[in-house]
Amino acid sequence: MEETRCVIPVIKSPTDYQAYRISPNDTNRLAIVFDPSTTDFSLTYCVEIFDIGGKTPPNRHQLAVEMFFVLKGEGLATCDGKSVRIQAGDSLLVPPTGTHVIENTGQDRLYALCIMIPNEDFAELIRSGTPVELDEEDLRVLRRSDVLVPY
């Protein structure tokens, strides 16, 4: 007889997310939603928040695929010298070894879901940074209350 296992879902809200700046002068913050410490899977799922004019330093991953889904804002994504404009609703997939940069080119903050599989120590890198608080603007975007239209 095949044994079944009950899986209890892990549910978090934006107020549960832990946010960090990897380096003190970074112009982006990462709010961890799920990582190996909470899921027991080798993935990192976070929301990356870019200040106006903010960008990631050029970076690459040996094994991991990194995926982005733009929630709000607009920017420029560059991978191995090729650039493409991104905006809310766009998805971006960065293959392993692709040197990439995401830059906020808009007039407001840029928000993107970011998923990295496998984790490749990404969550550990984020957590080694400086903890920061999510402000009211961040929480409005993460709760999607910034797009609600009153009746």
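User: A pocket here is an open set of grid points with protein on both sides within 12 Å along at least five of seven lines. What volume does the largest pocket have?

Analyst: The model is predicted, and the volume is computed as the space filled by probe spheres set on the grid points. For the largest pocket this comes to about 280 Å³.

User: Which elements give two or more residues to the lining of the largest pocket?

Analyst: The lining of the largest pocket holds 17 residues, and those closest to the centre are Ile22, Asn59, His61, Phe122 and Leu125. By class, 7 of the lining residues are nonpolar, 5 polar and 5 charged. The elements that contribute two or more residues are strand 2, strand 4 (65-72) and helix 2 (122-127).

User: How do the residues lining the second largest pocket divide by class?

Analyst: The second largest pocket holds about 210 Å³ of space. Of its 10 lining residues, Arg5, Val7, Ile8, Thr39 and Phe41 are the closest to the centre. The lining divides into 6 nonpolar, 2 polar and 2 charged residues.

User: Which strands are at the edges of the sheet?

Analyst: The sheet is open and has 7 strands with antiparallel pairing, in the order 7-4-9-3-2-1-10. An edge strand pairs on one side only, and this applies to strand 7 (91-94) and strand 10 (130-132).

User: Which residue in strand 3 stands opposite asparagine 28?

Analyst: Strand 2 covers residues 28-34. Strand 2 runs antiparallel to strand 3 (residues 44-50), and 6 bridges join them. Opposite asparagine 28 stands phenylalanine 50.

User: Is proline 24 buried or exposed?

Analyst: Proline 24 belongs to the loop between strand 1 (18-21) and strand 2 (28-34). Its relative accessible area is 66%. Because the cut-off for exposed is over 50%, proline 24 counts as exposed.

Note on methods:
Residues numbered from 1 in each chain as written. Predicted model: local features only at pLDDT ≥ 70, side-chain atom pairs only at ≥ 80, totals over all residues. Heavy atoms only, no water. Helix = DSSP H or I, 4+ residues; strand = E, 2+ residues; numbered from the N terminus. Buried < 20%, exposed > 50% of the residue type's maximum accessible area, 1.4 Å probe, protein only. Pairing = 2+ DSSP bridges. 1 Å grid on protein atoms, 1.4 Å probe; cavity = no way out; pocket = protein on both sides within 12 Å on 5 of 7 lines; lining within 4 Å. Nonpolar A, V, L, I, M, F, W, Y, C, P; charged D, E, K, R; others polar.
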